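Visitor: I'd like to go through the open spaces in this model and what sits in them. Can you take me through it?

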Amino acid sequence: MPRVSYYGSMSFRRIDLHVHSSCSDGTDSPAQVMRLAAKAGLDAIALTDHDTFKGIKPASELVTECGVALMPGVEISTAYQGITAHLLAYLPDPNSKVLSTQFEKTLFARQQRMREMVQRLSRDFDISYAQVLQQAGSSPIGRPHLADALVKGGYFPNRSAAFEQVLATSSKYYVHYQALDTVAAVRLVREAKGVAVLAHPRAAKRQRRFLSIATIGELKEVGLFGLEAFHPEQNPQEQAQIREIGRKLGLKLTGSSDFHGYGKTNSLGQCLTDPEVFSEICSLGGGEIVRP
Ligand code: AMP
Ligand code: FE
Ligand code: FE
Ligand code: ZN
């Protein structure tokens, strides 16, 4: 029997807590994401765009029509001693000044970094910053938008091919950007009454270096709630490593698809979060889920 979360009057069984829309680097609008979540038979999703809350309101307007609950969230770009770490924040205060100020800084750092990447690429490809900006629109600009511009230019068939061939962290065109320190980020999330979960902490497909267990312990000290264990880009061995870290440090585990639309193979509901863990996040977070 699957465990069911009775948070409020509705029960939630199929819960996906890491989803992107076109407000960051997903390809579907927030409204479309909600419709796709209903189609995938999900009861609840967390919208976790990179460094912005912009998609929450338009997604919340589809909750009733789609019958899918929405947990407001965000995926914060951070780094610890040069190691990239994505931090999911659930149910923080969306009007938090500390978070919005940080998002503005990140946006600026992302723009500077993108100019540098475009400059490096322009030695071998006919590409301009304006073309990438056109793909990003008002979203925090990232490599997926750069991939889109290269696809549009006819260089690659899709985002994944562009990532594999020229946009990976190991590529000569890759440029790191200055992101918020991960420990400081967990503190900010707690200050904004959010619940902090470290996203895909062992996805070797994405990066070569990870936060050590000692560093994750440090994050736990300042209020980290959990680790994203079940994720399409983490194989069973990597998931087992995360389970072990979670057990040692007393951190909860989540599972999510990290859906980005047609730009990535991850499908909605591919990995799920235990209803009990979902309930716990609901009670710990300062904000409220939007329920049908
Ligand atoms: P950035 O934040 O600009 O460094 O870009 C990282 C983003 O690229 C991540 O959030 C992923 O969603 C996306 N990404 C990473 N690898 C791939 C891939 N192979 N195909 C498509 N998107 C990817
Ligand atoms: Fe992304
Ligand atoms: Fe991420
Ligand atoms: Zn993500």
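Guide: Let me begin with a term: on a 1 Å grid over the protein atoms alone, a pocket is an open set of points with protein on both sides within 12 Å along at least five of seven lines. Please keep in mind that this is a predicted model.

Visitor: Okay, how much space lies in the largest pocket?

Guide: The largest pocket holds about 980 Å³ of space, and 39 residues line it, with Arg143, Phe163, Arg206, Glu233 and Lys264 lying nearest its centre. Two or more lining residues come from each of strand E5 (69-80), E6, H4, H6 and H7, and H7 contributes the largest share, four residues.

Visitor: What's the lining like by class?

Guide: The lining of the largest pocket divides into 18 polar, eleven charged and ten nonpolar residues.

Visitor: And where does ligand 1 sit?

Guide: Ligand 1 sits in the largest pocket, and the elements that give two or more residues to the shell around the ligand are helix H4 (97-121), helix H6 (143-152) and helix H7 (159-167).

Visitor: Which residues come nearest to ligand 1?

Guide: There are 14 residues around ligand 1, of which His50, Arg113, Arg143, Phe163 and His260 come nearest. By class, the shell comprises six charged, five polar and three nonpolar residues.

Visitor: How much of ligand 1 does the protein bury?

Guide: Taken alone, ligand 1 exposes 500 Å², and the protein buries 88% of that.

Visitor: Switching topic, what about the second largest pocket?

Guide: The second largest pocket has a volume of about 250 Å³, and among its 18 lining residues Thr27, Asp148, Arg159, Tyr262 and Gly263 lie nearest the centre. Helix H5 (129-136), H6 and H7 each supply at least two residues of that lining, with H6 giving the most, three residues.

Visitor: Last one: how many cavities of 30 Å³ or more turn up?

Guide: A search of the whole structure finds one, and about 80 Å³ of space lies in the largest cavity. Its lining includes His86, His200 and Arg202, and strand E6 (residues 83-90) provides the largest share of that lining, three residues.

How values were computed
Residues numbered from 1 in each chain as written. Chains lettered and ligands numbered in written order. Predicted model: local features only at pLDDT ≥ 70, side-chain atom pairs only at ≥ 80, totals over all residues. Heavy atoms only, no water. Near = heavy atom within 4 Å. Areas by Shrake-Rupley, 256 points an atom, 1.4 Å probe, with all protein chains shown as cover. 1 Å grid on protein atoms, 1.4 Å probe; cavity = no way out; pocket = protein on both sides within 12 Å on 5 of 7 lines; lining within 4 Å. Sits in = over half its atoms within 2 Å of the grid points. Nonpolar A, V, L, I, M, F, W, Y, C, P; charged D, E, K, R; others polar. Points joined across faces, edges and corners; volume = space filled by probe spheres on them.
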